[in-house]
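Colleague: I'm new to reading models like this one. Could you show it to me and let me ask how you know things?

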Amino acid sequence: MNILFFTHPFPNYVPDFLLHGLRKLFGPSVVDYPKKDCIYEGILDGAPQDGPNRFSLFAPDNGQIDRDDIRGKIHAGYFHYIICDVRAIDILKRQVLQWPSGLVLVDGEDIPVRIPPGPYAVCRRETDGSDFSIPLPMALPEELFHWITTFDHEQKAYSIGFLGVASHGERKAVVEAIAGRYPDALLNTTAIPSQDNPVPSGRLGRDDYYRKIQQCRVVLSLRGLGYDTLRFWEDAACNAVHVSQDMPLYIPNDFVREEHIFRFSSPSQLIRTIDTVLDGRVNREAIIQKARRHLLSHHLTTSRAKYLLQKLRTLFG
């Protein structure tokens, strides 16, 4: 299967992880155009990874990816599907005179982009599916899962952990409620990364982040600018019970409440849930192992790519 994937040079989790899953499935017949250098360099979120486990999501491109005569191949119908990050639509437009068949637009933004109806499929991260788009939440690269699990044997030192931005709004209220209730919580909040300050003071590199969060008995997922966050998928891989804020999103093969995950809609409900877990009223080890098996079966990037291809076959034949 030949797939063309129009990319934007800046990191963008949903299209980048979809590209990762497709490449693992089909190898060099999935063509990233233009070549997305940041993925090959191991940059996932604006800053290079650190630590001994640093890796690139992709093997080095030593000429295996054929990016020659993209326009000619599009017009000859060479590609089964043409997938485009919404940030790269202008690049797509420069290559085509009209929308090609098998076109898929991927909206991985925090706030859904307005996309007019057209002869293409629309995939969207922040949706419950009622807008006629194909729900396409993030997933976890297998490499990140293995990185996280290298810290499985870290000694548990904290009741609950959340490391991230929590300077205002819902996150701030939740973090403050936890801090007042659990003196042994791991709570380290930082400013929002920006182009001028990509690594704010107190922000941990990925290696240190995974080491610290694996020292927690419970890990907490809170919405960011959008509901779907990479933290949610990382937390599902941890050797800890995963507690997440409710998300009004459609997730294919979602985690099951109180079997794989616990969810909450208010700080008081969150505290009751944490107490239930820490007091031993649930089988923590069974929940953790079931959640990991579910993650590996349904929510690696390869699974997300297979899910999308099934949807596209229904739409395009």
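This is a predicted model: local features need pLDDT of at least 70, side-chain atom pairs count only at pLDDT 80 or more; totals for chains, interfaces and linings use all residues.

Colleague: What box do the C-alpha atoms fill?

Modeller: Roughly 65 × 40 × 35 Å, taken along the principal axes.

Colleague: How many helices and strands does the protein chain have?

Modeller: Eleven helices and eleven strands. Both are DSSP runs, numbered from the N terminus: helices are H or I with at least four residues, strands are E with at least two.

**Buried residues**

Colleague: Why is Ser 303 called buried?

Modeller: Its relative accessibility is 17%, and buried means under 20% relative accessible area (exposed is over 50%, partly exposed in between; 1.4 Å probe, protein chains only). So Ser 303 counts as buried. Ser 303 is found in helix α11, residues 301–316. Across the protein chain, buried residues make up 54% of the 317.

Colleague: What is Ser 303 in contact with, leaving aside its neighbours within four places in sequence?

Modeller: Leu 296, Ser 297 and His 298. Contact means heavy atoms within 4.5 Å.

Colleague: What makes β2 and β6 edge strands?

Modeller: Look at the order first: six strands form an open sheet, β2-β1-β3-β4-β5-β6, with parallel pairing. β2 and β6 (134–135) each have a single partner strand, so one side of each is left without a neighbour in the sheet.

Colleague: How do you know that β5 and β6 pair?

Modeller: Two strands pair if DSSP finds at least two bridges between them. Two bridges join β5 (residues 121–124) to β6, and the strands run parallel, so that meets the rule for pairing. Cys 123 stands opposite Ile 134 in β6.

Colleague: In which sense do β1 and β2 pair?

Modeller: Parallel, over four bridges, with β2 covering residues 30–33. Phe 6 stands opposite Tyr 33 in β2. From β1 (residues 3–6), Ile 3 and Phe 5 point one way and Leu 4 and Phe 6 the other, and all are buried.

Methods: Residues are numbered from 1 along each chain as its sequence is written. Side-chain values use heavy atoms; hydrogens and water are left out.
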